[in-house]
Amino acid sequence: MASGQTPLPKVKRKPPIDKTEWDGFFDENGLLAKSRDLICVNILERGLHPYVRTEAWKFLTGYYSWQSSQDERLTVDSTRRKNYEALCEMYKKIQPLLENLHRNFMETRNTITYDIQKLYDKDPLGNVIIDKKRLEKILLLSYVCNTQAEYQQGFHEMVMLFQLMAEHDHETFWLFQFFLQKTEHSCVIKIGVGKNLDMLNTLINFLDPVFAEHLRGKGAGAVQSLFPWFCLCFQRAFKSFDDVWRLWEVLLTGKPCRNFQVLVAYSMLQMVREQVLQESMTSDGILLACNNLIDLDADVLISAACLVYAELIQKDVPQPLKDFFL
C-alpha cells in the first residue's frame, strides 16, 4: 500500500460456498430448493469456491434461470452453443461487407488486436493461460452484436477473465454478454458510467461534507476522472483475479443493495481521504493517489462498502440517493 493511504480494517470471512454446499441448494431434479435471496446473501458474505464459480455465475448473470431444472439447463446450454455458432457463421459472411463499408469496424478491429497483444498471457510459471486468437474472435463478435455497449478500452481484460473461468467459447461469450447487461449501469461508458460518477459525488456531499468541500475547490474534476474504476468494474485495483471475481459476483447478487459499485468507489476514496486533505491535493494529485490503490483485498473492500451502506440506511437519505440505492 502506498504511503499516506488509510488501510481498511481486516475482516474474517467464513469459508466460501463449496461444491457440496452448492449442490445442496438444489433437489434431485436440479430445481432450486433454497431461496435465491439466501444464496445471494451467502455469496455476499462468503463468496464462491472456484469449483462452483462458473455454474453459479450462470445463474447470477441470467445465463440460466433460477427456476430451471437440470434438464432445462442442459437444453439452454445446447441452445446457447448453437446460437453462438450461428453468430460466428453470420459474422464470417458479413465480415467483407463490414471491412469495405464501415470504417469504424476496421478501427475497432485494430484497437482490439492491439489491446490483446498487450495482454500478458502467461502465469508466473510461464504457462500460457489464455488463447489470444479465441479472445479476439469473441471480442469482435461481441462488438458486432452489441450495438449499445460497442467496444470500449478494458473489455479485453474483462473477457479474459471470463475465458479463464469458462471452459467453452460459447460460455465465455454469453457470460460476458449477460454480465454487460447486468452491469451496464456501472461499466458501459455511454449508458451508466456518468450516472455512477454523479451519484458518487452526491454520496460524498451527503456523507462527508468536509471532503466534498475540498473536492469542489482544489479537487474539482477529480471524481469525474475516476471513470476507469467503473468501466473496468475496479479490475485493476486488486491483487489477484480471485479478488476481481469475488467483487464481481457480489455486484451480480444485487446485495446488499442496488448500485453497490458506487459504495465500493466511495470506500476506495476514503482510503486516500486523509492524505488528500493533509497534503491539500489538487485533482492531479488525487487522481495519482487513487491510481495507486492497487493490490487491494476484495473482502476488505466489500466489508467497508457494506459499512457505508449500513451508515446510509440509518440516515434520512435525500431522494436521489434513495432512488439509486434503497
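This is a predicted model: local features need pLDDT of at least 70, side-chain atom pairs count only at pLDDT 80 or more; totals for chains, interfaces and linings use all residues.

1. Which residues of helix α10 (residues 209–216) are buried? They are Phe211, Ala212, His214 and Leu215. These residues span an arc of only 160° around the axis, so they sit on the same side of α10. Val210 and Arg216, on the other side of α10, are exposed. The cover over the buried residues of α10 includes α9 (189–207), α13 and α14.

2. On to the aromatic rings. Searching the whole structure gives 25 aromatic pairs. One of them is Trp57 with Phe179, a stacked pair with 6.2 Å centre to centre and 10° between the planes. Trp57 belongs to helix α3 (residues 50–61) and Phe179 to helix α8 (residues 169–187), so this pair ties together parts that are 122 residues apart in sequence. Trp57 and Phe179 are both buried.

3. Phe173 and Trp174 show another geometry: their ring centres are 4.9 Å apart and their planes stand at 80°, so the pair is edge-to-face. Phe173 is buried at 1% relative accessibility, and Trp174 is buried at 16%. Both rings belong to one aromatic cluster, whose members include Trp22, Phe59, Tyr63, Tyr64 and Tyr84.

4. Arg80 lies over the face of Tyr63, 5.0 Å from the ring centre. The charged end of Arg73 sits over the ring of Tyr64, at 6.0 Å from its centre.

5. Now the charged pairs, with 18 salt bridges in the structure. Where do Lys255 and Asp37 lie? Lys255 is in the loop between α12 and α13, and Asp37 is in helix α2 (residues 36–46), so their pair ties together parts that are 218 residues apart in sequence. The side chains of Lys255 and Asp37 meet at 2.3 Å, N to O. Lys255 counts as buried, at 18% relative accessibility, whereas Asp37 is partly exposed at 44%.

6. Glu249 and Arg53 form a salt bridge at 2.9 Å, N to O. With Glu249 in helix α12 and Arg53 in helix α3, the parts tied together are 196 residues apart in sequence. Glu249 and Arg53 are both buried. A network of salt bridges links Arg53, Asp242 and Glu249.

7. A further salt bridge joins the side chains of Arg273 and Glu274, at 2.7 Å, N to O. Arg273 is buried, with 14% relative accessibility, while Glu274 is partly exposed, with 34%.

8. Finally, some backbone details to look at. Most residues other than glycine have a negative phi, and most peptide bonds are trans. The peptide bond from Lys255 to Pro256 is cis, with omega near 0°. Pro256 is in the loop between α12 (241–253) and α13 (260–278).

9. Cys233 is not a glycine, yet has a positive phi of about 50°. Cys233 is placed in the loop between α11 (227–231) and α12 and is buried, with a relative accessible area of 1%. Asp295 likewise is not a glycine and has a positive phi, about 60°. The loop between α14 (283–291) and α15 (298–313) holds Asp295. Is Asp295 buried or exposed? At 52% relative accessibility, Asp295 counts as exposed.

Notes
Residues are numbered from 1 along each chain as its sequence is written. Side-chain values use heavy atoms; hydrogens and water are left out. Rings of Phe, Tyr and Trp (its six-membered ring) pair if their centres lie within 6.5 Å; planes under 30 degrees apart count as stacked, over 60 as edge-to-face and the rest as tilted. Helices (H or I, at least four residues) and strands (E, at least two) are DSSP runs, numbered from the N terminus. Buried means under 20% relative accessible area, exposed over 50%, partly exposed in between (1.4 Å probe, protein chains only). A charge sits over a ring if NZ of Lys or CZ of Arg is within 6 Å of the ring centre and within 35 degrees of the ring normal. The arc is that of the directions from the helix axis to the C-beta atoms. Contact means heavy atoms within 4.5 Å. A salt bridge is a side-chain nitrogen of Lys or Arg within 4 Å of a carboxyl oxygen of Asp or Glu.
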